[in-house]
Amino acid sequence: MNHMTKDIEQYLQTKFGNSLEDSNERQLYQALMAETRNRLSKKRYDYTKKLKESGQKQAYYMSMEFLVGRTLRNNLFNLGIEDEVRSFLAEKNFDLDRIYDMEPDPGLGNGGLGRLASCYLDALTSNDYPVTGFSILYEFGIFKQVIANGWQQEYPDNWLGMGQYGLVHRSDEEIEIKFYGKTEEHWTNEGLKVNYEDYKSIIAEPYDLMISGYKSEAVNVLRLWKSKANAGFDMKLFERGEYARSSESEAIAESISKLLYPADDNNEGKALRIKQQYFFTSASLQQIVKNHYKTYGSLDNLADKAAIHINDTHPSMCIPEMMRILMDDYNYSWEKAWEITIKVFAYTNHTIMAEALEKWSVDLFAPILPRIYTIIREINNRFCQYCNEIGAASDLESMSIIHNNMIRMANLCIVGSYNVNGVSGLHTDILKADTFEAFNRIYPGKFNNVTNGIAHRRWLGQANPELTNYLNGLLGGDFIKDLSNIEELLKYADDKTVLADLEKIKYTKKEQLAKYIKDANGINVDINSIFDVQVKRLHEYKRQLLNALHIVYLYRQIKFNGLRPRPRTFIFAAKASSGYVMAKNIIKFICTLSDMIEADPLVRNYIKVVFLEDYRVTLAEIIIPGANVSEQISQAGKEASGTGNMKLMLNGALTIGTLDGANVEIHDAVGDDNMFLFGLKTPEVNDLYAKGYRPRDYYERVPEIKETLDFMRTINVDGTRFDNLVDYLINQDPYMCLADFESYVNKQKEVEEAYGDKDRWNRMSLVNIAKSGIFSADRATQEYTDGIWHIARAGR
Ligand code: GL2
């Protein structure tokens with residue numbers, strides 16, 4: 001520790017010529033970021049040496065998204081020096097929390113999928129597993145959301161300005177990537193050769209973010225690729241007098257790592273997205289293969305040393321790219337190359353939503369990646385032939401990789417991987433029985449489940465130190481090291497003192513959240529009201545609109561029917577994809593409800609609505625510990641897993657939810673008595689679709705629905721009306737808000753009653769905390785390391 005304080009002082013002296021006393025917060029921030037990074041680099045040196053000596057197998061996690069969250073607090077926490085650094089700085093009149101707040105939240109992901117990737121890197125590192133993450137160094141991460149008059153506006157998130165200090169630039173490991181041009185196959189003495197000409201050359205520059213682990217030996221890295229023009233290559237064109245063409249590569253290069261596509265669960269099918277996907281998969285694979293070859297002088301044993309994970313279909317080009325590298329760069333035959341390829345890759349599917357299952361039009365794809373396209377075509381030809389041989393030709397309608405001139409990337413992943421997993425029990429069942437039913441028949445055993453998990457060290461240890469310290473004192477044992485120990489808490493389920501202590505801690509976290517709400521939105525909320533939280537991406541299937549309908553229902557009941565409910569604060573936070581009009585309308589509607597209620601001297605005594613702008617990891621860390629109620633109300637069958645549900649449960653919130661995604665497993669863990677389930681189940685949803693769902697019937701038959709929707713038409717605070725939402729619900733309602741409305745409203749009454757019975761509520765909350773052990777990312781990643789990748793802890 002002494003060391004760290006000295007290092008900080010030395011950094012300030014050499015970099016700025018300042019003593020610590022004379023430094024400002026900005027300088028101190030930079031010193032802390034850089035010295036923490038250096039400390040991790042040094043630690044990594046010993047760790048990689050050990051790995052080299054053991055020659056053990058490693059995992060590589062390919063993901064277009066890593067929602068990293070702030071790093072400084074996480075690193076100090078993991079290194080076990082947070083308290084000491086804090087008191088050292090306090091002596092010099094610096095507040096560590098203010099320094100933390102200077103760090104941008106690297107938003108290199110959209111939502112659950114990206115955060116999961118980061119939770120997994122954290123957990124794997126804490127458990128000493130050798131794994132490298134690969135992604136893109138987006139210059140602009142997910143946009144900064146500003147709510148102006150209730151409407152979402154997007155602003156660029158220039159995170160690198162202040163975020164760069166955590167990165168290590170490895171210019172020694174640059175890699176060339178080729179786009180466009182034409183390929184020609186020709187026979188030589190050594191067999192079929194491919195000539196690739198007139199391509200555009202781009203350079204991938206690596207930047208490494210050190211990933212620390214809690215009390216671990218391991219320090220892993222997340223390697224982020226930045227694109228730049230290949231100056232040498234362009235110079236040749238320039239010399240030949242092809243001025244215009246010489247800058248084409250530059251234009252492509254500049255755009256590739258510019259920004260993260262802000263669409264969640266949706267595939268826009270854009271050329272730039274193809275380039276991003278190929279850019280980072282090619283750079284990563286070239287690097288893995290090159291290093292392997294350097295060590296072993298052969299790629300025959302690649303699958304013994306490397307498991308490469310494809311996180312959703314976004315990195316699916318790994319499969320044809322690996323074939324290309326093996327055949328074109330290392331002279332492997334197709335057969336031999338394929339044998340290696342299908343032993344190396346495993347794929348996780350994260351959604352069954354049709355609009356998110358990536359498809360690329362051949363016309364768009366083939367000119368950008370001509371060689372990769374011919375390889376995909378050949379993979380498909382051989383796969384179709386195989387299906388003919390085994391009598392599965394009639395299933396090619398659903399299984400063929402290329403279909404109607406579209407390339408179906410999920411099908412490519414299934415054919416080219418040795419394992420496919422879904423992310424919750426229900427989701428995997430749906431994949432097997434429905435989405436990929438034919439594949440499951442021809443590849444028995446290939447489909448498996450790994451229910452998602454979360455990095456409890458961040459979501460409890462760091463976000464809720466009050467609860468963490470209390471549980472540490474109560475339970476002993478290091479449950480932060482091993483979350484399964486948290487189940488010991490069940491012993492105290494009927495202990496009045498413990499229940500009262502937990503209630504006090506929740507109150508403290510609610511106070512902190514209330515202060516944030518006051519500062520951000522200017523709304524005073526009652527700490528004793530029920531904090532009812534729905535935080536996640538804004539999407540129709542997640543049904544923020546159903547939550548809003550319940551609020552409208554309550555408003556009417558209070559205003560016109562004398563209802564006097566227990567006070568409740570409805571807290572929302574969500575980003576909508578920039579082109580998603582319906583989602584933006586829903587945000588506007590929620591903000592309008594907030595204004596309407598604030599303006600009503602009667603209703604605002606009972607309910608409040610708060611929409612917090614710019615939902616991101618840092619904001620989640622403030623909201624989640626302060627929640628009493630966790631809204632997980634997606635239409636059954638649509639949410640692959642959800643992970644916010646787990647974070648909220650771990651912090652003692654009670655779930656009101658449908659039997660969807662990992663809610664099913666939460667229900668298995670806590671039982672009916674400790675959760676509020678409502679709504680149609682997946683088979684009932686499917687039956688209703690099949691029968692022909694007519695939301696208007698519900699509107700006409702159920703007076704509460706009619707009154708709520710009719711009233712909704714009259715809502716008008718600033719001239720914006722919501723007839724469009726009402727018409728949508730009555731005529732379309734694709735996610736069946738109206739079918740689940742009564743069941744939801746009734747369940748919400750039960751939530752209110754339960755909250756009124758303090759002892760009961762606190763006991764339920766305790767049971768939820770105690771039962772959250774299985775949702776640790778340690779458990780989830782162990783299923784990957786043991787069941788899929790077959791890798792061991794470093795040095796073992
Ligand atoms: C998602 C799912 O929608 C979500 O239910 C799941 O928890 C995460 C992580 O597995 O993956 N799929 C997806 O495309 N996004 C998700 O968040 N964006």
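**Close-up views of a predicted model**

View 1. Glutamine 534 is buried, its relative accessible area being 1% (buried means under 20%, with a 1.4 Å probe and protein chains only). The model is predicted, so local features need pLDDT of at least 70 and side-chain atom pairs count only at pLDDT 80 or more, while totals for chains, interfaces and linings use all residues. Residues are numbered from 1 along each chain as its sequence is written, and side-chain values use heavy atoms, with hydrogens and water left out. Glutamine 534 sits in strand β20 (residues 530-535), a strand being a DSSP run (E) of at least two residues, numbered from the N terminus. A polar atom of the glutamine 534 side chain lies 3.3 Å from the backbone oxygen of lysine 542. Leaving aside residues up to four places away in sequence, glutamine 534 touches several residues, among them Arg543, Asn547, Phe572 and Glu631 (contact means heavy atoms within 4.5 Å).

**View 2. The contact of helices α25 and α32.** The axes of α25 (residues 581-598) and α32 (residues 723-731) come within 10 Å and cross at roughly 120 degrees (axes are lines fitted to C-alpha atoms over the stretch in contact, with angles from 0 to 180 degrees between N-to-C directions; helices are DSSP runs, H or I, of at least four residues). Met582, Asn585, Ile586 and Phe589 in α25 meet Asn724, Leu725 and Tyr728 in α32. These residues divide into five nonpolar, two polar and no charged.

**View 3. An open sheet of three strands.** The strands are ordered β15-β17-β16, with antiparallel pairing (strands pair if DSSP finds at least two bridges between them). Because β15 (359-361) and β16 (402-403) stand at the edges with a single partner strand each, one side of each is left without a neighbour in the sheet.

Technical notes:
Nonpolar A, V, L, I, M, F, W, Y, C, P; charged D, E, K, R; others polar. Buried < 20%, exposed > 50% of the residue type's maximum accessible area, 1.4 Å probe, protein only. Polar contact = N/O pair within 3.5 Å; in protein donor to acceptor, adjacent residues only side chain to side chain.
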